[in-house]
2 protein chains.
Amino acid sequence: MNHQIGKLYGIGVGPGDPDLLTLKAVKVLQQVSVVFTAASSKNDYSLALEIARPHIPKDARVHPLAFPMTQDVAAKQEAWAANAAIVADILKQGHDAAFLTLGDSLTFSTFGYLLRQIKDRYPQVAVETVPGITSYQASAAALNMPLVEGEESLLVLSGAQGGDRLREQHHKPDNVVFMKAYRNVPSICEALDEAGMLSHAAGVVSCSLPGEELIRDVSTLLRREPNYWTLIIAKKSNSNGTQEG
Amino acid sequence: MNHQIGKLYGIGVGPGDPDLLTLKAVKVLQQVSVVFTAASSKNDYSLALEIARPHIPKDARVHPLAFPMTQDVAAKQEAWAANAAIVADILKQGHDAAFLTLGDSLTFSTFGYLLRQIKDRYPQVAVETVPGITSYQASAAALNMPLVEGEESLLVLSGAQGGDRLREQHHKPDNVVFMKAYRNVPSICEALDEAGMLSHAAGVVSCSLPGEELIRDVSTLLRREPNYWTLIIAKKSNSNGTQEG
């Protein structure tokens, strides 16, 4: 080959508001010739691309990679390997490329899977990861609600398994985040109630997206249609930082 | 009064790299006439200001607020109240103002304390919080190491109490972050070892600052001078996302 292998960038584009991109993400996007997006979920895919779009040069190629939503481990591994091969192939042509993820690039993100495949199979590829604002940080900001202070702890959970991950904690965390609470709001509210955290909880629906809603009383979510973009932040107590910090 | 009350912005400026500011933080900084910084720790103070400096207009006033490092609750509360009064006074003159914090504005940040005082004492003041990249996200990015994947959990702890906050967890989190491990590296390594997490741990010293170091074997930190800016990320196992995602 008469050209250098391109560099792979993992870019966290934040939760929705295009102004929550970092300067670094913008600089990288302006330089790469290929932009990969994950097509695992229609929501995630189109949104990450939409957020980044204003910073992607007109002549850059946008390349969706299919990430199957299956529970079949073999099928999944095959898909990751195939996607890594596609990415490596383009890098080997000398192109720098960016892979877009919603929120942070290494927090519940598809980029982690791609990264592992690339590191294992194509160790000669240079990878640079650019962090992004997570939906739970943006939600705390929208609520003007501290996430974690002083000597407190913060537990971040996917909402996909409902309240059980909180239930199994004998020492409850001082603060807990359930991302994508979605259909599991009832189970999560139950677990928060058992832990005495429900009255110190707040929610955000569609954080930093059009139609964002701040939910000061999380139990009202029980009476609504489940929304995919539902995030819950709860506290052990209405901590008073002046006493604990 | 013949002018409107100004707006207060809480700005997370990220962990050090000026390019990790968000576009939103930059836009806000370019608009405000007063920039508050926390002078609780010389390190924090000068660094947050240094990161933001290129985006602060020449004619903006930089105003350090003293936050005492005391354990005396009464002295601390008095200081928060006094600082809130200073901020409110400037806002009442019609100025918009930003308060700078390292990392994220609501993650182990002094802004949380100011926010509470302002909300309690000056409910007429509008506050907008702008999230920032945390040191643990930037560290995971520098290490190219996923923070949390699939159905895993992430526990974020201050390092100030050593390893005990991890020890008290009967169900160990899948992933744990100790921020500012500093002098508590030995205690934290001990707790990680007990939890079987030490061999899946990595560290970053001075993340995204000049002299940043990636520490692939955290136990080497035990043989070094403690560094204030030491962060440790550890995993229950070398999780394989293709199996868990």
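Here are a few notes on this predicted model, going from confidence to one residue and then to the interface.

1. Confidence first. Chain A comes out with a mean pLDDT of 92, and 93% of its residues reach 70 or more. The stretch to treat with care is residues 240-245 of chain A, where pLDDT stays under 50. The model still gives that stretch 19 contacts beyond four places in sequence.

2. Have a look at Thr230(A), which sits in strand E10 (residues 230-235) of chain A. Its relative accessible area is 4%, so with the cut-off at under 20% it counts as buried. Beyond its neighbours within four places in sequence, Thr230(A) touches a run of residues from Phe178(A) and Met179(A) through Lys180(A), Ala181(A) and Tyr182(A), plus Val185(A), Val204(A), Val205(A) and Leu221(A).

3. Now the A/B interface. Each side puts in 68 residues, from chain A and from chain B. About 5700 Å² is buried between the two chains, with carbon and sulfur atoms giving 52% of that.

4. Which elements of chain A supply at least two residues each to the side touching chain B? Among them are helix H1 (23-31), helix H3 (73-92), helix H4 (111-121) and strand E6 (153-158), and helix H8 (241-244) is on the list too. By class, that side of chain A has 28 nonpolar, 25 polar and 15 charged residues.

Terms used. Residues are numbered from 1 along each chain as its sequence is written. Chains are lettered from A and ligands numbered from 1 in the order in which they are written. This is a predicted model: local features need pLDDT of at least 70, side-chain atom pairs count only at pLDDT 80 or more; totals for chains, interfaces and linings use all residues. Side-chain values use heavy atoms; hydrogens and water are left out. pLDDT is the predictor's confidence in each residue, from 0 to 100. Contact means heavy atoms within 4.5 Å. Helices (H or I, at least four residues) and strands (E, at least two) are DSSP runs, numbered from the N terminus. Buried means under 20% relative accessible area, exposed over 50%, partly exposed in between (1.4 Å probe, protein chains only). Buried area is the accessible area (1.4 Å probe) that two parts lose on being put together, summed over both. Ala, Val, Leu, Ile, Met, Phe, Trp, Tyr, Cys and Pro count as nonpolar, Asp, Glu, Lys and Arg as charged, and the others, Gly among them, as polar.
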